[in-house]
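This briefing sets out selected features of one structure, grouped by topic. Please read it with the sequence and the coordinates at hand.

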Amino acid sequence: MFGTQMINDRGHLSIGGVDTTDLAEEFGTPLYVYDTALIKNKIDEFKHAFRRHDGLNWQIAYASKAFSTIAMIQLIEEQDLLLDVVSGGELYTALKAGMAPKRIHFHGNNKSDAELAMALDAKIGAVIVDNFFELERLESMCAARKQTVAVLLRVTPGIEAHTHEFIMTGQDASKFGFNLGNGMADRAVKQALQAPHLDLKGIHSHIGSQIFERDGFAGAIRLMMEHAYKWTRDLAFHLEVLNVGGGFGIRYTQDDQPLAIEDYIDTIVNTAAEECTRYRLKMPAIWIEPGRSLVGEAGTTLYTAGASKDIIGVRKYLAVDGGMSDNIRPSLYQAQYWAICANKAADPADTHVSIAGKCCESGDILIKDAVLPKNCGAGDLIAVFSTGAYGYSMASHYNRLVNPAVVFVESGNATLAVRRETYEDLIRQDIPLKNLSCYK
Ligand SMILES: Cc1ncc(COP(=O)(O)O)c(C=O)c1O
Ligand SMILES: N[C@@H](CCCC[NH3+])C(=O)O
């Protein structure tokens with residue numbers, strides 16, 4: 001179990017000192033429950049890992065794509081982190097939450113003019129430029145506004161991180177960034193240096209997500225520093241910032257063994273320092289952008305079990321009141337999760353079942369091989385762990401299911417952070433046929 005999760009004296013799972021059966025009763029299911037103390041602990045672990053490196057200039061920006069709501073961003077601001085956004089919607093949420101614009105960085109491989117204008121209007125801290133199209137547009141938009149903006153260039157180091165192919169981003173064939181290997185990044189640096197309204201601070205790479213090994217980070221940094229050396233020598237460009245993105249792995253199942261946060265940070269900082277010594281470069285500021293590793297383990301989804309189907313000798317299904325609409329990751333990446341029966345948490349888990357979602361897709365299976373107590377069935381509460389990242393943020397309305405509520409729990413208190421959608425919310429943007437002029 002993670003953070004403040006424990007089995008209380010009623011034999012129930014409790015999180016943040018709150019019994020999950022009480023949460024289900026008060027807020028309904030499906031329900032995303034966030035252990036905010038655990039989020040703060042993770043933030044502290046990252047800060048501590050950096051502070052061990054004396055004299056290092058560092059920054060942590062939370063990648064809000066992992067879980068972006070007003071309350072979450074306010075928690076991030078309160079913890080003194082920076083914020084990454086990748087769309088106008090994420091930027092809007094951040095600004096509405098009161099995040100200081102200077103502390104926001106804007107990513108994305110296809111930012112629209114409207115999104116760039118929104119970022120420039122707000123005077124955000126930095127734009128991470130992904131491609132030549134954006135580089136040119138950003139310079140001309142800034143010129144028209146007589147405004148300068150700090151930029152990093154996203155580079156693709158040509159590293160295949162050991163993770164699911166859908167969440168690898170550092171390989172040569174990636175849709176993201178300027179390739180280091182084929183001269184694209186060199187041209188981008190030259191072009192950015194010549195752009196009078198772009199203040200080139202450094203480079204950024206993000207090699208992928210849910211990474212359990214050091215090699216990918218170290219390899220990417222070596223390649224980036226080799227190029228930084230060439231840019232210093234040939235273009236008199238000194239790298240102020242080396243942003244190595246996010247991607248730090250977390251525990252979804254009991255078999256997962258991610259590195260300690262310190263290990264990731266030590267690898268990053270030590271590799272950068274070694275390369276600076278090798279090339280006689282000044283150590284750049286090290287920026288990171290964790291998403292999953294800050295919020296993933298802090299999130300638990302509570303479902304109520306309903307129908308079951310026992311195909312003797314094949315498989316037993318237990319269906320819950322949510323599914324791929326609140327957690328697309330099992331269907332999209334074959335992601336594995338761990339679940340327990342939250343109201344029978346002290347009972348021995350000895351029966352293999354497939355926890356099925358309620359969407360009209362055979363692939364809507366949350367956990368193919370869960371192990372639950374024998375008598376866990378209709379009406380029981382199922383807790384799926386580590387759903388805090390890319391669950392709520394990737395939720396859909398498939399089958400017109402409403403998005404679940406989100407509650408934050410801490411020190412025995414539970415507070416609603418996002419209301420459950422209503423059926424009325426589902427049809428709010430719909431326009432009746434009789435009002436469609438083309439139909440008349
Ligand atoms: C550019 C960038 N930064 C940061 C992240 C956050 O990654 P993670 O949630 O794996 O830490 C992502 C997502 O993978 C990303 O694309
Ligand atoms: N959404 C993905 C990770 C991609 C993150 C963005 N680059 C996941 O759930 O694992």
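The points below cover the ligand shell, helix packing, strand pairing and backbone geometry.

This is a predicted model, in which local features need pLDDT of at least 70 and side-chain atom pairs count only at pLDDT 80 or more, while totals for chains, interfaces and linings use all residues. Residues are numbered from 1 along each chain as its sequence is written, and chains are lettered from A and ligands numbered from 1 in the order in which they are written. Helices (H or I, at least four residues) and strands (E, at least two) are DSSP runs, numbered from the N terminus.

**Ligand shell**

- Ligand 1 is surrounded by 17 residues, where a residue is near a molecule if its C-beta atom, placed from the backbone, lies within 6 Å of it.

**Helix packing**

- Two packed helices are described by the angle between their axes and the distance between the axes; here axes are lines fitted to C-alpha atoms, for helices over the stretch in contact, and angles run from 0 to 180 degrees between N-to-C directions.
- Helix α7 (residues 184–194) packs with helix α8 (residues 215–235) at an angle of about 45°, the axes being 11 Å apart, and α7 and α8 are therefore oblique to each other (angles under 35 degrees count as roughly parallel, over 145 as roughly antiparallel, 65 to 115 as roughly perpendicular and the rest as oblique).
- The crossing of α7 past α8 is right-handed, a term used if the near helix is turned clockwise from the far one by less than a right angle, and left-handed if anticlockwise.
- Ala185, Val189, Lys190 and Leu193 of α7 make the contact with His227, Trp231 and Leu235 of α8, two residues being in contact if their C-beta atoms, placed from the backbone, lie within 7 Å.
- This contact of α7 with α8 comprises five nonpolar, one polar and one charged residues.
- Helix α2 (residues 36–51) and helix α9 (residues 261–279) pack at about 40° with axes 9 Å apart, and α2 passes α9 in a right-handed crossing.
- On the α2 side the contact involves Glu45, Phe46, Ala49 and Phe50, and on the α9 side Ile261, Glu262 and Ile265; by class it has five nonpolar, no polar and two charged residues.

**Strand pairing**

- Three strands form an open sheet in the order β1-β2-β3 with antiparallel pairing, where two strands pair if DSSP finds at least two bridges between them.
- The edge strands of this sheet are β1 (6–7) and β3 (18–19), each of which pairs on one side only.
- Strand β14 (residues 299–311) pairs with strand β15 (residues 315–320) in the antiparallel sense over five bridges, and Lys309 has Tyr317 in β15 as its bridge partner.
- The β14 and β15 strands form a hairpin with three residues between them, and Gly313 in the turn has a positive phi of about 80°.
- β15 is also joined by three bridges to strand β17 (residues 351–356), with which it runs parallel, and the bridge partner of Tyr317 in β17 is Ser354.

**Backbone geometry**

- Most residues other than glycine have a negative phi, and most peptide bonds are trans.
- The peptide bond from Thr29 to Pro30 is cis, with omega near -10°, and Pro30 lies in the loop between α1 (20–27) and β4 (31–35).
- Asp80, although not a glycine, has a positive phi of about 70°, and Asp80 is located in the loop between α3 (70–78) and β6 (82–85).

Technical notes: Nonpolar A, V, L, I, M, F, W, Y, C, P; charged D, E, K, R; others polar.
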